[in-house]
Amino acid sequence: MILAADSWTLVQRRLLQLKHQPGQLVAMLAFPAIMIVLFGFVFGSAISVPGGGNYREYLMPGLFVMTSMFSLSSSMVEVATDQGRGVMDRFRSMPTSRAAVLLGQTGSDAVTGLLGLAVMLVCGYACGWRAHDGLGPALAAVGVLVVFRSAMAWIGTCFGLLVRDEQVADQLAPLSMPFSMLSNAFVPTGGMPGWLRVVCDWNPISAAVAACRSLFGNPGVPGPGAAWPLAHPVTATLLWSALLLAIFVPLAVRRFAGAGR
Amino acid sequence: MNHIVSAEGLRKRYGTTTALAGLDLAVPAHTVYGLLGPNGAGKSTAVRVLTTLTRPDAGHATVAGHDVVRRPERVRSSIGLAGQHAAVDERLTGRENLRLFGRLSRLGRRGAAARADELLARFDLADAADRLVATYSGGMRRRVDLVASLLTAPAVLFLDEPTTGLDPRSRLEIWATVRELVADGTSVLLTTQYLDEADQLASAVAVIDHGRVIAEGSPAALKSRIGSQLDVEVADASSVDSARTVLGTLAGRPPETDPGGLRLSVAFPGATPPLPEIVRMLDNAGAVVRDVGLRHPSLDDVFLSLTEKAARSEVPA
């Protein structure tokens, strides 16, 4: 009970912050629209989807996963800021449930993430993207995205506790960009050199993108000859997420509750 | 257990750095107790251990009767901590910050709101309460931080360098607040590198250097260890010798003369004779005196003399 109440209080804290900074909210929500224009219309005209199909339909699952990926950087920056300014120490010196501080962090990320996803779904719809296989698989895709995003949020939380400094976190944040590019999110991996293709196929992001494509019925779903994570994308994404959570949740909890400095 | 904070043999190392090397403390309740020390002396580590943020490697400590290692959750319910950072959320208003911390301290939604309003009014923050903390001045931030540590009316308040980096006016405000709290019955453990701060606020201080206590007592008692210094300036070289004789007899040790030769100083270990009497004796001896001054030691003098002594005793013989 206390854990739930404290976590909810801390989720509300982040929502209040957003309320005071509508600019941040607008930026967060405008980003998908910019990405759709940039990738969908600028690059899209030069990229052909294997097996045919509309590039923007191919692209949207990639953008859904990419924004989930950005949770890593935003969580890292938020946690590092709290840590660097002593807010985390204040929490730790109070009778607050310690797990609640981390759950509040990742919980608020899930709330803002779902909000962002809703906006992206609408933007995608406006650009001709559709979920072709009905509501059930579409909801399953949203579920996969939420699970994947929470893994990213926990990694970011853990990194934020490690770097302890918002400036360092700010500088590290853009590094998540290349990781999302090293995947099948924007281009098919088929034409890449062999070694790069292996890296991209086994990138958890590729599995998540492939899972979204297959659940939404979008083009670009790999055939049976593809690497294992792409041939079984939903299972692979859930396994990847479970593995990452199994590593980073205990690490973050230990880092936060433990001896500290 | 009549000590609100007590520590025995606390040790803490970070890699090869020894932060605490067997720290002992016994802090009486309902007072301001000062921890004095240079940067890196271990003050902040001591506070981190006592507020359960860091586990000591050895030794043990109790706060409000609860062991910091075995019963950290009880300690956390009895303390408030205001640190070197103004540890409040800049992206919320002052009122929202206090409500947030109040709810997380188990005051309940309504209780937290009422307590926040009460403290905002009491500490002159009501006008700024609904502005974002990011727009506050340094002094106001620190005051919100201090108020946030008072939400639960803690038995012990830890203030880790509460006025570092503040302008003189804001310092005075923080000092007034601290005095008010002690009048209400709160016990305060204050770390500071400003000796006048300890002098102003603390009824007892422990001087910390290299992770252990090197002296302890009231500021007055620590100052009397050094005694006062008498400075005499004579008008001409012919007066120097007679002045030297008078001062030497009074203090029981030869005075020091400055390179110009006209200024003499001598330290009195205990009580000094009345100044008019000193002047009369110098006059009777035929010394023409231009200026006489009796300088009582500041805590800075005490501190420097103590830490110098400690530094010297560490050099291998």
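Predicted model: local features only at pLDDT ≥ 70, side-chain atom pairs only at ≥ 80, totals over all residues.

So, let's start with the contacts inside chain A. The scores for it are ipTM 0.88 and pTM 0.85.

What is chain A built from? Twelve helices and zero strands. Along the principal axes, its C-alpha atoms fill a box of roughly 60 × 35 × 35 Å. Chain A has a radius of gyration of 19 Å, and that agrees with a compact globule, because 261 residues packed that way would come out near 18 Å. Of those 261 residues, 47% count as buried.

Now for the annotation. An unreviewed UniProt entry marks "transmembrane region" at five places in chain A: residues 25-47, 59-80, 101-127, 139-163 and 230-253. Let's look at two of them. Residues 25-47 of chain A are 83% helix and 0% strand, with the end C-alpha atoms 32 Å apart. Residues 59-80 of chain A are 100% helix, and there the end C-alpha atoms are 32 Å apart.

Okay, on to chain B. Its mean pLDDT is 88, and 96% of its residues reach 70 or more. Where the chains meet, chain B gives 24 residues and chain A gives 20. On the chain B side, the elements giving two or more residues are α2 (72-78), β6 (79-82) and α3 (94-104). Which one gives the largest share? That's α3(B), with four residues. By class, that side of chain B has nine nonpolar, seven polar and eight charged residues.

Technical notes. Residues numbered from 1 in each chain as written. Chains lettered and ligands numbered in written order. pLDDT = per-residue confidence, 0-100. Contact = placed C-beta atoms within 7 Å. Nonpolar A, V, L, I, M, F, W, Y, C, P; charged D, E, K, R; others polar. UniProt positions renumbered as here; feature names shortened; annotations may be inferred. Rg over C-alpha atoms; globule rule 2.2 N^0.38 Å. Buried ≥ 20, exposed ≤ 12 C-beta atoms within 10 Å, placed from the backbone.
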